Amino acid sequence: ERMAGGKNPAARKVICLETKEIFETTKAAGEKYSISRQAIGKNCGGYTKICAGLHWMYLEDYNKEKIK
C-alpha cells in the first residue's frame, strides 16, 4: 500500500506564520496557496527568507521556537 500525504511517516506538517494555518504536508499547503511544495520546503529549511509573500516553518521547529 502506498503511503501518500499525511500517511507517509516522512511527511512533515508545516505552518504559515502569517495565518497560523497548519497543513499536513507541504503539498497540501502548496495546493491551497498555488505554490510549489519544493518552494515551501526551501522556506521551511531556511534556504529562502520568504515564499510567495508568506513565511513557512515545519511545525516541529515552530513548536521548539515557542518553547524557548
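**Figure 1. Asn-43 in helix α2 of the predicted model.** Asn-43 is buried, with a relative accessible area of 6%, and this residue belongs to helix α2, which spans residues 37-44. The model shown here and in the views that follow is a predicted one. Once residues up to four places away in sequence are set aside, Asn-43 touches Thr-48, Lys-49, Ile-50, Cys-51, Leu-54, His-55 and Trp-56. Among these partners, His-55 is the subject of the next view.

Figure 2. His-55 sits in the loop that joins α2 to β3, the strand at residues 56-58. Its relative accessible area is 30%, which lies between the limits of 20% for buried and 50% for exposed, and His-55 is therefore classed as partly exposed. The side chain of His-55 makes a polar contact with the side chain of Glu-18, at 2.5 Å. Apart from neighbours within four places in sequence, the residues in contact with His-55 are Ile-15, Cys-16, Leu-17, Glu-18, Asn-43, Lys-49 and Ile-50. Thr-19 and His-55 are separated by 36 residues in sequence, while their C-alpha atoms are 9.6 Å apart in space.

Figure 3. Thr-25 lies in the loop between β2, at residues 22-23, and α1, at residues 26-33. With a relative accessible area of 12%, Thr-25 is buried, because this value falls under the cut-off of 20%. The side chain of Thr-25 reaches the backbone nitrogen of Ala-28 at a distance of 3.0 Å.

**Figure 4. The crossing of helices α1 and α2.** The axes of α1 and α2 come within 8 Å and cross at roughly 115°, and the crossing is right-handed. On the α1 side the residues that take part are Thr-26, Lys-27, Ala-29 and Gly-30, and these meet Arg-37, Ile-40 and Gly-41 of α2. Sorted by class, this contact has 2 nonpolar, 3 polar and 2 charged residues.

**Figure 5. The whole protein, as context for the close-up views.** The secondary structure comes to 3 helices and 3 strands, which follow the pattern β-β-α-α-β-α along the sequence. The protein has 68 residues, of which 29% count as buried, and it exposes about 4800 Å², with carbon and sulfur atoms supplying 52% of that area. Among contacts with a separation of 6 or more, 36% are accounted for by residues 24 or more positions apart.

Terms used. Residues numbered from 1 in each chain as written. Predicted model: local features only at pLDDT ≥ 70, side-chain atom pairs only at ≥ 80, totals over all residues. Heavy atoms only, no water. Helix = DSSP H or I, 4+ residues; strand = E, 2+ residues; numbered from the N terminus. Buried < 20%, exposed > 50% of the residue type's maximum accessible area, 1.4 Å probe, protein only. Polar contact = N/O pair within 3.5 Å; in protein donor to acceptor, adjacent residues only side chain to side chain. Axes fitted to C-alpha atoms, helices over the stretch in contact; angles between N-to-C directions. Left-handed = near helix turned anticlockwise from the far one by under 90°. Contact = heavy atoms within 4.5 Å. Nonpolar A, V, L, I, M, F, W, Y, C, P; charged D, E, K, R; others polar. Areas by Shrake-Rupley, 256 points an atom, 1.4 Å probe, with all protein chains shown as cover.
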